[in-house]
Amino acid sequence: MLDPLNDPLKSRFGEPAKFLPVVFILGQIGFLWFVYMFYHCLPQLQHDSFASFNKAWTEIVLFNCASVMLLVCYAKSIFAHPGTIPDREEVGHSEWEYVPQEIRNRSADALGLSIQETKKSGERRHCKWCAKYKPDRCHHCRVCRMCILKMDHHCPWIYNCVGFGNHKYFFLLLLYAVITTHIIIWTMSETLKTSVDAKTPFLQMFLLLFGETLASFLGLLSTLFFCFHIWLMLKSMTTIEFCEKSMKRTGYDSSAYDRGFYGNIRTVLGENPLFWLLPVCPPLGDGLAFSSFEDTPLRLSCDMEAGSKSEKKPKNQSRKRTGAAGTGECTGSDASGQDSESAEEKAPEAKAGGSGGLRIL
Ligand SMILES: [Zn+2]
Ligand SMILES: [Zn+2]
């Protein structure tokens with residue numbers, strides 16, 4: 001059986017020019033590593049002072065550990081497939097194949113699926129480019145030319161989408177970018193000051209100043225971006241869902257996928273807290289359904305009609321809802337919002353408002 005997260009046929013690297021941003025980022029990482037190691041750490045090792053020697057080794061170890069983690073997370077963000085909708089050939093996944101004439105009679109209920117996001121008409125969302133029904137939180141990416149599971153956003157700096165399969169790696173990439181840049185900012189500033197005071201060669205002074213400025217710039221950007229992603233994670237939202245809520249001017253406290261503080265972290269960083277900060281053990285699940293964990297029921301602040309539809313669902317369905325059954329729209333969704341599925345057909349790229357109105361079936 002093909003694994004949609006690792007299918008080489010779905011490789012996204014058909015355009016080498018799109019690797020240029022990746023090369024640019026690697027160049028910056030390499031430059032900062034060179035300046036920090038050769039113009040800050042190594043000169044300290046040559047000091048006679050024992051304290052200076054110890055400080056230098058501590059900084060070298062911490063900085064290189066963070067740099068290795070940064071590079072591993074960067075590589076995994078690039079090469080891990082964000083996840084796409086399974087093909088018909090994949091055993092057990094024919095339910096996502098879109099067949100136009102069957103729209104009316106192939107409802108999600110009939111297939112035993114638990115779909116929360118539908119079009120206003122109640123039909124399942126589908127992608128006309130991929131000819132497949134879209135699972136919840138899935139959006140089409142024009143750059144990757146495929147639907148991405150739990151799509152967060154397309155990131156040109158990793159030549160990849162951030163989706164279900166690599167969300168954890170991207171999150172940790174931001175974390176280690178913040179750590180690495182802050183190590184440089186707060187420890188190299190002293191060396192920079194000294195170099196300005198003393199009779200330091202111009203090149204050395206220039207490289208230290210440029211390195212410090214670059215690290216400060218990248219540090220500020222990555223810190224702000226990382227804080228935003230921590231907030232998104234705790235709210236159980238993707239960037240696209242955040243934009244949807246911004247456009248509809250609804251609150252940010254009504255995510256249908258909210259599982260509480262601890263549950264929301266686990267859905268991004270994985271089940272075991274011991275591995276949360278390591279680029280291993282991604283979260284459980286297949287990225288096709290987000291309501292299958294019995295121990296972390298969904299929090300739905302929705303208008304529910306007790307059990308009216310759940311009773312109609314087959315008892316042995318594979319992805320059973322553990323939260324509320326019933327119908328109605330989330331208080332956080334806009335019932336009068338445009339049918340963005342049709343808007344999406346005009347502009348295929350995933351964008352704010354790219355999914356249909358959020359409805360609870
Ligand atoms: Zn698509
Ligand atoms: Zn993409």
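**Reading a helix pair in a predicted model**

Modeller: In this predicted model, residues 24 or more positions apart account for 67% of the contacts in the protein with a separation of 6 or more. The secondary structure comes to 7 helices and 8 strands, and of the 361 residues, 38% count as buried.

Colleague: How do helix 1 and helix 2 cross, and within what distance do their axes come?

Modeller: An angle over 145 degrees counts as roughly antiparallel. Here the axes of helix 1 (residues 20-45) and helix 2 (residues 50-79) come within 9 Å and cross at roughly 170 degrees, which means that helix 1 is roughly antiparallel to helix 2.

Colleague: Which residues make that contact?

Modeller: From helix 1 they include Val22, Trp33 and Tyr36, and from helix 2 they include Phe53, Ala56, Ile60 and Phe63. The residues of this contact divide into 10 nonpolar, 3 polar and 2 charged.

Colleague: What span does helix 2 reach, and what span is expected at 1.5 Å a residue?

Modeller: Helix 2 has 30 residues and reaches 43 Å from its first C-alpha to its last, which is close to the expected 44 Å.

Colleague: Which residues of helix 2 are buried, and what covers them?

Modeller: The general idea is that an α-helix has 3.6 residues a turn, so residues three or four places apart point the same way. In helix 2, the buried residues include Phe63, Ala66, Leu70, Cys73 and Ser77, and what covers the buried residues of this helix includes helix 1, strand 6 (160-162) and helix 3 (167-197). Ala56 and Phe63 are among the buried residues, and both also belong to the contact with helix 1.

Methods:
Residues numbered from 1 in each chain as written. Chains lettered and ligands numbered in written order. Predicted model: local features only at pLDDT ≥ 70, side-chain atom pairs only at ≥ 80, totals over all residues. Axes fitted to C-alpha atoms, helices over the stretch in contact; angles between N-to-C directions. Helix = DSSP H or I, 4+ residues; strand = E, 2+ residues; numbered from the N terminus. Parallel < 35°, antiparallel > 145°, perpendicular 65-115°, else oblique. Contact = placed C-beta atoms within 7 Å. Nonpolar A, V, L, I, M, F, W, Y, C, P; charged D, E, K, R; others polar. Buried ≥ 20, exposed ≤ 12 C-beta atoms within 10 Å, placed from the backbone. Expected span 1.5 Å × (residues − 1).
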